[in-house]
Amino acid sequence: MLTPNFFAENGLERLSEKRCNESWTNDLLKKKNSAFLPFWRTKSLVQDFTSTKSEISLLSHEEISQFNRKDNEFIFLGSRNDTPYFLIDLSDIEDPSKYNSLSGNRSFKDLREVGLSLSREEGGILAYSRALAQWHKTHKFCGRCGGKTESQSAGHVRRCSNPDCGSEHFPRTDPAVIMLVSYGDKVCLARKSDWPKDRFSVLAGFVEPGETPEGAVIREVKEEVGLAVTNVRYHSAQPWPFPANLMLGYFAEAESDEISIDELEIEEAKWVAREDLEPEALAYFENPHSVSIARRLIADWVTKKF
Ligand SMILES: [Zn+2]
């Protein structure tokens with residue numbers, strides 16, 4: 001079995017069958033060993049030990065009580081080593097550094113800047129937290145009637161407060177495909193116009209309504225670089241909470257090597273031989289925290305692991 005991608009494992013037991021029971025969640029909130037993960041705007045509380053090693057910073061019952069939050073503001077993430085984990089959004093605080101529990105050797109950082117220095121499980125916990133917290137921020141109103149929504153099921157549902165509506169809204173995840181296209185012993189890498197000049201990567205795009213991921217791979221490759229592909233094979237997936245994607249990784253084989261780019265999406269695309277990618281693939285294995293599935297696809301193709 002493949003090693004899961006970074007962000008894809010978090011060690012939390014979600015207990016999804018229990019979290020919809022309000023009294024069960026409220027009892028859990030009162031437990032002395034409950035741990036609270038604060039979120040502020042797009043950032044999570046972490047503690048840096050060195051420039052390459054950080055840990056998530058959890059607040060205790062006593063520390064969280066000063067913020068006077070209502071029970072339904074806490075989001076139950078799951079249980080890990082018998083410790084219930086709750087996420088709490090403190091974005092309304094203007095200056096977190098004024099609180100002892102949110103400052104000192106602790107600070108709020110975005111997952112993009114801290115991801116590489118976290119363990120795999122803690123990277124996964126922050127990815128899960130970031131996606132949920134961002135969803136709550138952007139779904140305060142009902143998409144059907146415009147009424148206010150309220151958090152329920154320990155933060156895993158928002159229900160419309162309009163009694164004539166009462167719609168339930170669930171956290172969204174947008175599927176996207178990311179695919180390594182090969183032709184013999186070379187791979188197609190492309191660069192978007194807003195990327196740095198030397199940055200090339202594999203192709204990617206969103207799955208559209210009424211489409212399968214495999215269909216999206218075939219369509220996107222044709223649109224972006226003009227190549228017909230066959231033998232579309234699934235590799236692995238990666239949660240990508242910026243803000244709410246699930247990246248589905250594929251390999252595909254081009255039927256020719258005649259590239260024709262869509263200049264609206266792609267500035268440059270090229271074929272790169274396997275031997276020219278080897279240094280990058282080796283660097284991936286030297287640094288197992290390299291986070292992106294793009295690097296993983298390239299590394300596994302170069303080393304013929306998949
Ligand atoms: Zn409504």
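**Ring contacts, cores and a zinc site**

Arg 199 lies over the face of Trp 195, 4.2 Å from the ring centre. A charge sits over a ring if NZ of Lys or CZ of Arg is within 6 Å of the ring centre and within 35 degrees of the ring normal. A second case involves Arg 112, whose charged end sits over the ring of Phe 242 at 4.1 Å from its centre.

The model is predicted: local features need pLDDT of at least 70, side-chain atom pairs count only at pLDDT 80 or more, and totals for chains, interfaces and linings use all residues. Residues are numbered from 1 along each chain as its sequence is written, and side-chain values use heavy atoms, with hydrogens and water left out.

The protein chain contains seven helices and 15 strands. Helices (H or I, at least four residues) and strands (E, at least two) are DSSP runs, numbered from the N terminus. Along the principal axes, the C-alpha trace spans about 60 × 50 × 35 Å. Of the 306 residues, 47% are buried. Buried means under 20% relative accessible area, exposed over 50%, and partly exposed in between (1.4 Å probe, protein chains only). Among contacts with a separation of 6 or more, 65% join residues 24 or more positions apart. Contact here means heavy atoms within 4.5 Å.

The zinc ion is coordinated by four cysteine SG atoms, those of Cys 142, Cys 145, Cys 160 and Cys 165. The distances run from 2.3 to 2.4 Å. Donors are N, O and S atoms within 2.8 Å of the metal (3.2 Å for Na, K and Ca); water is not among the atoms, so sites may look incomplete. Angles among the four donor atoms range from 96 to 115°, and the site is tetrahedral. The ideal angle for four tetrahedral donors is 109.5 degrees. Along the chain, the donors follow the spacing C-x2-C-x14-C-x4-C. Cys 142 is buried, at a relative accessible area of 5%. Cys 145, at 38%, is partly exposed.

The largest nonpolar core has 39 residues. A nonpolar core is a set of buried Ala, Val, Leu, Ile, Met, Phe, Trp, Tyr and Cys residues joined through side-chain atoms within 4.5 Å. The residues with the most contacts inside the largest core are Leu 77, Leu 87, Leu 126, Leu 180, Leu 189, Val 202 and Leu 277. Beyond its neighbours within four places in sequence, Leu 126 contacts Leu 37, Ser 44, Val 46, Ile 56, Leu 111, Val 114 and Leu 118. Another core, of 20 residues, lies apart from the largest one. Among its members are Val 225, Val 229, Leu 248 and Trp 271. In soluble globular proteins, nonpolar side chains tend to be buried together.

Rings of Phe, Tyr and Trp (its six-membered ring) pair if their centres lie within 6.5 Å; planes under 30 degrees apart count as stacked, over 60 as edge-to-face and the rest as tilted. This rule gives 13 aromatic pairs. One of them joins Phe 74 and Phe 86 edge-to-face, at 6.4 Å centre to centre and 85° between the planes. Phe 74 lies in the loop between helix H2 (61–65) and strand E4 (75–80), and Phe 86 in strand E5 (residues 83–89), so the pair ties together parts twelve residues apart in sequence. Phe 74 and Phe 86 are buried. Trp 240 and Phe 242 form an edge-to-face pair, at 5.1 Å centre to centre and 75° between the planes. Both of these residues are buried. Ring pairs also link Trp 24, Phe 36, Phe 74, Phe 76 and Phe 86 into a cluster.

Pro 175 is placed in strand E10 (residues 174–183). Its relative accessible area is 34%, partly exposed. The C-alpha atoms of Pro 175 and Val 207 are separated by 5.8 Å, although 32 residues apart along the chain.

Ser 101 lies in the loop between E5 and strand E6 (106–110). Ser 101 is buried, at 6%. Leaving aside neighbours within four places in sequence, its contacts are Leu 45, Leu 59, Glu 63, Gln 66, Phe 67 and Arg 106. Gly 115, in the loop between helix H3 (111–114) and helix H4 (120–138), is buried at 3% relative accessibility.

Helix H7 (residues 293–302) is mostly covered, with nine of its ten residues buried. These include Arg 296, Asp 300 and Trp 301. Lys 304 follows H7 and has a positive phi, near 55°.

Technical notes: Four donors count as tetrahedral if all angles lie between 85 and 135 degrees; four count as square planar and six as octahedral if opposite donors are over 155 degrees apart and all others between 65 and 115; anything else is irregular.
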